[in-house]
Amino acid sequence: MTIPSKYDASKVEDKWYDYWMKNNYFHSTPDEREPYTIVIPPPNVTGVLHMGHMLNNTIQDVLIRRARLLGKNACWVPGTDHASIATEAKVVAKLKEQGISKNDLTREEFLQHAFDWKNEYGGKILEQLKKLGASCDWERTAFTMDPEMSESVIKVFVDLYNKGLIYRGYRMVNWDPEAKTTLSDEEVIHEERQGNLYYLEYKIEGSTDTLTIATTRPETIFGDTAICINPNDERFTHLKGKKAIVPLCGRIIPIIEDEYVDLEFGTGCLKVTPAHDENDKNLGDKHHLEVIDIFNDDASLNSFGLHYAGKDRFVVRKEIAKELEAKGILTKTEIHTNKVGTSERTKAVIEPRLSDQWFLKMTDLAKPAIDAVLGDDNNINLVPKKFENTYRHWMENIRDWNISRQLWWGQQIPAYYFGDGKEDFVVAENIEQALVLAQEKTKNDKLTTKDLKQDEDALDTWFSSWLWPMSVFDGIRNPENEEIKYYYPTNDLVTGPDILFFWVARMIIAGYEYKDEKPFKNVYLTGLVRDKQRRKMSKSLGNSPDALNLIKEFGADGVRVGLLLSAPAGNDILFDQDLCQQGKGFANKIWNAFRLIKGWEIDENLAQPETAKIGLAWYDAKFNKALTEIEDHFSKYRLSDALMTIYKLIMDDFSSWLLEIVKPAYQQPIDAKTYHAIIEVLENNLKVLHPFMPFLTEEIWQYITDRTPEEALIVAKYPIQKEFDAQIISSFEVATDVVSGIRTIRKDKNISFKDAVELFVIDNDKLTKQFDIVVQKLTNTSTINYISEKVEGASFRVKSNEYFVPISIENIDVEAEIEKLSAELKRAQGFLVGVQKKLSNERFVSNAPEKVIALERKKEADTLAKIETIINSLNGLK
């Protein structure tokens with residue numbers, strides 16, 4: 001079998017991925033083995049592979065491949081999330097290009113377009129993950145809008161409603177005017193932005209008095225229904241019980257009193273707009289104020305906005321400021337920084353809006369989930385631990401979850417209305433069950449399904465994905481089925497800290513509510529992928545490399561290594577493309593080492609040399625020590641450290657030392673015993689490296705010898721940890737220092753490796769002599785002599801031992817040595833001229849501190865001594 005001279009990832013990766021797929025290694029079914037289960041954080045069906053996905057899924061693949069090698073029944077469930085807001089936006093945009101408006105379609109027609117889009121473009125990311133080597137059980141691929149998944153979601157909604165945990169309420173919600181839907185509090189990002197504080201004069205009814213109000217939103221004056229003053233504010237005592245006139249629209253509004261008003265902010269009095277601010281709404285409820293909603297669903301002004309009707313809120317803000325200033329109502333403007341809520345998905349500025357929405361009561365549901373992570377039993381382990389504080393803050397301050405969205409793409413809320421009243425509805429899994437309930441509720445058995453109208457809203461996407469670890473195993477519809485009992489709870493969840501509350505906490509809540517059990521044991525929270533300047537990678541900054549192009553350039557294994565080497569547990573990843581190059585270089589180094597071994601001729605009659613015997617004994621200890629370290633790193637999710645341990649083991653211990661120790665002399669054969677031992681060592685190296693570099697390792701594994709599908713590396717048996725001899729490792733470290741010392745002398749003295757040298761040792765430390773023969777082989781040392789007195793020659797120390805190499809002119813490349821010493825002499829003489837020039841300068845000698853002058857005189861003396869030594873060495877060579 002001809003082994004290619006270079007490792008070409010582009011010719012290897014598709015070959016082995018197809019082989020793994022063909023032999024069904026990724027598929028799992030329940031059996032007698034211990035299960036090891038991971039569910040993928042389902043990427044948006046709209047998504048394409050980016051650096052965050054690359055890191056997250058590389059980590060998952062490392063864990064799943066290692067579990068497979070450890071003999072566990074490894075099951076990695078892939079899938080995608082329907083991503084309500086993002087997907088609906090893409091479908092609406094595509095329809096718009098075709099001249100179709102969503103408003104002109106029925107729900108069913110729109111959903112057909114959405115599914116067509118999903119079938120054409122969706123799930124692209126899963127195909128891209130295959131290029132990375134992700135060994136998911138693709139037969140289990142799930143989609144959060146699959147019929148059985150949707151059925152599970154509806155079943156849970158109905159159950160929670162029947163438990164009294166889901167209710168319909170008229171609340172101030174976060175309105176995304178671009179997506180035209182509500183958002184939960186967690187989907188709103190609060191950003192500091194610089195704006196203005198506008199000071200407006202309100203006239204007092206029946207008086208020439210005025211009152212100045214400071215506001216950041218002058219466009220909302222059309223929704224003002226009161227002015228509020230603090231009853232303890234003596235500045236406004238004269239206004240108690242009076243009324244004010246709203247500028248431009250002339251509406252008369254009461255002046256109310258409430259200690260809520262901050263005496264220090266703005267002018268000390270507040271305009272109250274109950275329809276457009278949560279705090280104003282609370283004030284309005286307390287004082288029974290009118291509620292006037294001035295916005296359309298796209299945040300343009302409605303008819304209450306008078307001549308601004310139909311214009312966007314931000315356009316109106318600029319225009320109304322000019323009008324108010326022209327009319328003398330706007331008295332001054334100040335720059336003001338405040339926090340603005342924006343939509344996580346569309347980036348639109350959130351508009352507080354009163355609306356009928358569906359909510360889930362969270363306080364009681366959250367209690368088991370708090371105990372699971374923060375309680376004494378520590379049922380769920382967050383890695384790194386620092387995220388426990390974040391989790392505690394969110395969970396202990398949890399608010400009711402707004403679970404309804406004004407969208408069509410998603411699971412439609414299973415509430416059915418039979419009348420015009422707010423309570424004229426029933427909740428059921430389907431319309432037939434709803435009809436029975438409606439007939440009972442109305443006591444009208446003449447009602448038909450035609451009299452029922454299902455709620456138009458869809459459920460929040462997270463209300464689907466919070467069931468993911470259960471619903472992928474059909475654990476909601478069939479809670480006692482074989483798969484949910486075998487695979488649940490899952491083992492590890494790998495995800496980003498940005499969805500610790502959105503998704504992780506909610507899955508924990510759902511797990512305890514529906515299985516009375518945690519959904520996973522460990523949550524490994526990766527850092528964000530940033531560039532070398534610590535900037536978050538994004539399309540807008542143009543600092544995020546194309547994931548697939550990286551794979552083409554460096555190979556999937558090279559990229560995996562590059563990502564993991566830059567990914568310390570739980571910290572942000574400062575991604576450097578050079579690390580991918582390092583990964584590619586690592587692959588080439590391993591390939592070349594393998595080719596070297598396979599190039600050796602084997603002689604069955606040769607006895608095993610002592611050098612090989614002791615070298616293999618040392619490496620066995622070193623390998624088992626590394627195995628112990630790797631296991632410790634994995635237990636703490638320090639995958640970067642585990643990889644670095646393997647990297648050093650293979651690059652340094654295996655390639656640089658062991659192969660040099662056992663390598664036969666030039667054009668000489670190797671004994672069979674050593675050769676077979678080295679192959680076994682190589683195979684063990686490949687096993688521990690396989691989870692990180694699956695393609696390269698499988699390629700080499702299959703080249704070593706003919707293998708059946710049952711003997712493929714992907715399903716090989718991971719090496720078993722054994723006790724190791726720490727002393728032999730320690731002794732070898734001394735031997736490597738000795739080798740390095742001799743090699744340095746050879747280099748410094750230009751002594752060719754083919755010329756043998758002698759080594760003399762003053763053995764002060766009484767170090768073991770077991771590696772002497774290895775030192776001799778690696779340095780071409782003819783004899784090692786243990787002595788009590790120093791000998792002439794080049795010397796070095798290791799610990800307290802002194803080592804001497806006598807230098808014979810016959811050993812030295814005289815011309816090269818003369819050239820080197822002459823260059824050293826020239827440098828030393830040049831340095832001496834500079835020092836002596838300084839010392840001959842009377843001004844310097846007179847003014848410089850004594851310490852400085854002493855230092856310069858020492859430099860002069862040392863350099864003169866060095867020059868004398870070099871001249872003597874040169875004279876000895878002539």
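**View 1. An open sheet of three strands in the predicted model.** The strands follow the order β19-β18-β20, and their pairing is antiparallel. β19 (425-427) and β20 (453-454) are the edge strands, each with a single partner, so one side of each has no neighbour in the sheet. Between strand β18 (residues 415-417) and β20 the antiparallel pairing runs over two bridges. Tyr416 has Gln454 of β20 as its bridge partner. Helix α11 (residues 431-442) packs on this sheet, where β18 and β19 are the strands touched. The direction of α11 makes about 135° with that of β19.

**View 2. The hairpin formed by β30 and β31.** Strand β30 (residues 794-798) and strand β31 (residues 801-805) pair in the antiparallel sense, with five bridges. Within this pairing, Ala794 lies opposite Val805 of β31. Two residues separate the strands, and Lys799 in the turn has a positive phi of about 55°. Side chains alternate along β30: Ala794, Phe796 and Val798 point to one face and are buried.

View 3. Apart from neighbours within four places in sequence, His633 is in contact with Arg638, Asp641, Ala642 and Thr645.

Technical notes: Residues are numbered from 1 along each chain as its sequence is written. This is a predicted model: local features need pLDDT of at least 70, side-chain atom pairs count only at pLDDT 80 or more; totals for chains, interfaces and linings use all residues. Side-chain values use heavy atoms; hydrogens and water are left out. Contact means heavy atoms within 4.5 Å. Buried means under 20% relative accessible area, exposed over 50%, partly exposed in between (1.4 Å probe, protein chains only). Helices (H or I, at least four residues) and strands (E, at least two) are DSSP runs, numbered from the N terminus. Two strands pair if DSSP finds at least two bridges between them. Axes are lines fitted to C-alpha atoms, for helices over the stretch in contact, and angles run from 0 to 180 degrees between N-to-C directions.
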